[in-house]
Amino acid sequence: MTTKVLGAATVAMALTTPTALAVEYKVEYKKDNSSNPSLWDVPEKRNVLTQITVTSERPASFTLANGLQVVVIPDHRTPIVTQMIWYKVGSADDAPGKSGLAHFFEHLMFKGTAKHPPGEFSRTVLRVGGKQNAITSMDYTSYFQRVPREQLARMMELEADRMTGLILKDENVLSERDVVLEEFNKSVANNPDRRFTEQIRAALYLNHPYGRPNLGWRQELEKLDREDALAFYKRFYAPNNAILIIAGDVDPKEIRPMVEKNFGDIPAQPAIPAKRVRPQEPTPAAPRTVTLSDPRVEQPTWRRSYLVPSSSTAAAGESPALDVLAQVMGGGTNSYLYRVLVIDKQLAISTGASYHGTSLDPSQFMISATPKPGVHFVEIEDAIDKVIADLAQNPARAEDLERVKTQLIAQAIYAQDDQVMLAVLYGRGLTTGLSVDDIRSWPDSIRAVTAEQVRKAAQGWLDKKRSVTGYLIKESAPKCEEKRS
Amino acid sequence: MTYSFTRRAVLGGASLAIATLGSAPLFAATRIQRLVSPGGIEAWFVQDATVPLIAMEYAFAGGATQDPTDKPGVGHMVASLLDEGAGDLDFETFHERLDRRAIKLSFTSRHDQFRGSLRMLKDNKDEAFDLLRMALTSPHFDAPDVERIRAAVLANLRRDSTNPSTLANRKFLEVAFDDHPYARQAGGTVESVPKIDVADLKDYVRRVIAKDTLKIAVVGDVDPETLARLLDKTFGSLPAKAELTQVADVIAVKAPQCVFIPLDVPQTVVTFGGAGVRRSEPDFMAAYVVNQILGGGGLSSRLFREVREKRGLAYSVHETLLWMDHSAVFVGNTGTRADRASETVEEVEKQVRRMAEEGPTEQELDNAKSYLKGSQMLALDTSSNLARALLQYQLDKLPIDYIEKHSALVDAVTLEDARKAAQRLWGQGLLTVMVGRSPLAATRSTTTPSPTTPPPAAAQPGDAPSAATPATPN
């Protein structure tokens, strides 16, 4: 995903507070650091993002006559409210030849309306001490503000106004395109690891638009213009394509009239289909490999992605089994991969596995490893294949299963501490085909996963034909013999 | 971006600002207690049972400044190894115990502090604090574990070695702080990390992990008596006194200077900055406010408007005040395509110079104060964020009721104060580090005044900064 503002300066990037000295140093070495999680071009790197509260109340939810769905998550600890509007359109909905448009358009949503000139929205948020930003992923685009609770009505007015009232001028659009091209330079062009991720994704998806990068292919991105943006806006920005989430110190009863007042008169866009249908993947037939070499790679990385079902496309129980499998295989020092590759065989420096369940269409299961100096990829790959074969043949040990499930479920409780996280969890889930109940029952579905289901998930989905194996290497080492046939 | 960024965007940049919570005494942030255990361990504490969690943040003084001069990264290695086997548990068992109860335990070596963070579900508090006690009082540093973590540290350093942002930030610190410990890499270097041995790690723990410099903040669902008992059990047996190497106060940076590091990347990365204002100085609050105006978060700082909105030069441009125990800097970052790098640096310099000469407008000052007063509440919303803020107030030597005083301190900043602070901060020009392939920048010699960075004389008020019409804020 990408965001409107990467305000966090890189010196200050490492800071959890602005008071610490620049470049503090904290790295989690027990999991694979081959890719900065924030740069992964997919919605959920961390399982915590698929979690949801266990014990808290069911959020209030209602739908306006024009189709706008509203979810209210009360949290009364601090007099703050978070407003997030989620549009059911993302990079995977960009038309062929227009890759990057959903994200580019997200930037343009800050360019002002007839009622509220450019900059007014941002200044209003800042005046009250608030924060705002936006996120574009493959499946959704989301805008949020976080403000003192008495500012909610004003935020809602501004957000409703720009759902249809945006005014775009060539000069704004073109200078913002330069900004987005710099975002591309920063996040992709300057970063071999991110390019590696893009290439793997492009090789994994033969037909589905998930194969295109979230920020777009550069040659298409640099041609996007005002007309493209306006056509996109008219087509996708409407109440019947949006979900409004209000989390914080609010009374759900007060929200409905406020939403009616601000959004109620915006007409639905009848051309928007109830369900998004995108080109789907054929049955995978051949394992693929990708080798990206770049002179800046000082530490090689091995990675593999499998095409697997998402929460929305999986059969019952399959998606939570994949969550558990990822954690058993790659979560921490007690995971199978770490034990075998780092401790026992001493081939790798770090290992990881992750599954991204929250996705409208089939998703990815990723495995990664950082080889020790002098170790060839082929050794890494053989060892990982043996771990996978083991997990596909033998049920996971009961103690491993229990530990992993406890951790996953505990994340749902930790999430209750953070209203923004809750709002994000609901927004992600609801824009990728899940219901409020699906999201709420996630911990129960984890609890119900059996060792046999985990074994079956490994056996059924971690099939090499479904996969792309990637090698990130330094360019000056031609023929990194590690490449495996 | 993933949620980790969202979180930063939403909650970041607010450790100092404090909410005006005086009128809302029900909120957790206003119920801060100073708790002193029977064993004399002190903590700032907020009891809050809304969520069944406990979050603790704590710090020992010293941090990376206590690394041996020729071995930067010792504190960082210690931070990475304390949970790799301790007490009677080997590393696998230790992690198994943490994971089995979803206890989140971590350590960080910052320049001035060795910090730790502990989060747990409330029912697991005895186990969590016991594991922390073992980590702090009897870490193993067994050779295979040290080598395993050393390899991971080195892999990360190798990755960073071609990351333009990392290179720019490192060079900035090196030039700004010269031979002071702040110039050293807290995470170590590819040269230093292989030299660190077990004796270094043990010595660091012996010297730094002690009671007299310990500061603690706790937020969560635990009663004070139970917490006091846990604190005594966890920290009570630590040595009474740390043996810290003295660190000198230092004034950062001899600006203006421009340093160029060649690297074949499409986007040139720029880090810029200069001497800041320390937390204890009378000018601090004014400096904090003007930094918000020049380069603060949100979407309307001067740099954001001029560099990004008007000119489309960069995606990210940001500048902030950073204060340490023995110094302070302001520092900013941006990135731009190679052929516009000089233009971007010039624009940043122009804005900085203009702010130094003219100061902010009344309206800008008013907006920034309004932001800083309002934003604090947003930083205190989760248990961990509140605990981090309470720890920071202690490290900054602020009173326990600082939350209630903050708004008045912000309000007291006058336009004249702001102008003086801007002149002090930005009147000397910038130390600028550029990493990229810009051919123009490449012609500049390292660490000498550059064509686009005027020598000090040229940066004095009176030299018209530019012909551009000053932007009317708001």
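Predicted model: local features only at pLDDT ≥ 70, side-chain atom pairs only at ≥ 80, totals over all residues.
1. Helix H8 of chain A spans residues 226-236, and its buried residues are Ala229(A), Phe232(A) and Phe236(A). Viewed along the axis of H8(A), these buried residues lie within an arc of 65 degrees, so they line one face of the helix. Glu227(A) and Lys234(A), on the other side of H8(A), are exposed.

2. The cover over the buried residues of H8(A) comes from several elements of chain A, including strand S4 (80-87), helix H2 (101-108) and helix H5 (170-189).

3. Helix H12 (residues 377-393) and helix H17 (residues 451-461), both of chain A, have axes that come within 7 Å and cross at roughly 130 degrees. Angles from 65 to 115 degrees count as roughly perpendicular and those over 145 as roughly antiparallel; H12(A) and H17(A) are therefore oblique to each other. Their crossing is left-handed.

4. On the H12(A) side, the contact with H17(A) is made by Ile388(A), Leu391(A) and Ala392(A). H17(A) contributes Arg455(A), Ala458(A) and Gln459(A). By class, the residues of this contact are four nonpolar, one polar and one charged.

5. Chain B contains 16 helices and eleven strands. It has 474 residues, of which 62% count as buried. Among the contacts in chain B with a separation of 6 or more, 84% are between residues 24 or more positions apart.

Conventions:
Residues numbered from 1 in each chain as written. Chains lettered and ligands numbered in written order. Buried ≥ 20, exposed ≤ 12 C-beta atoms within 10 Å, placed from the backbone. Helix = DSSP H or I, 4+ residues; strand = E, 2+ residues; numbered from the N terminus. Arc of directions from axis to C-beta. Contact = placed C-beta atoms within 7 Å. Axes fitted to C-alpha atoms, helices over the stretch in contact; angles between N-to-C directions. Parallel < 35°, antiparallel > 145°, perpendicular 65-115°, else oblique. Left-handed = near helix turned anticlockwise from the far one by under 90°. Nonpolar A, V, L, I, M, F, W, Y, C, P; charged D, E, K, R; others polar.
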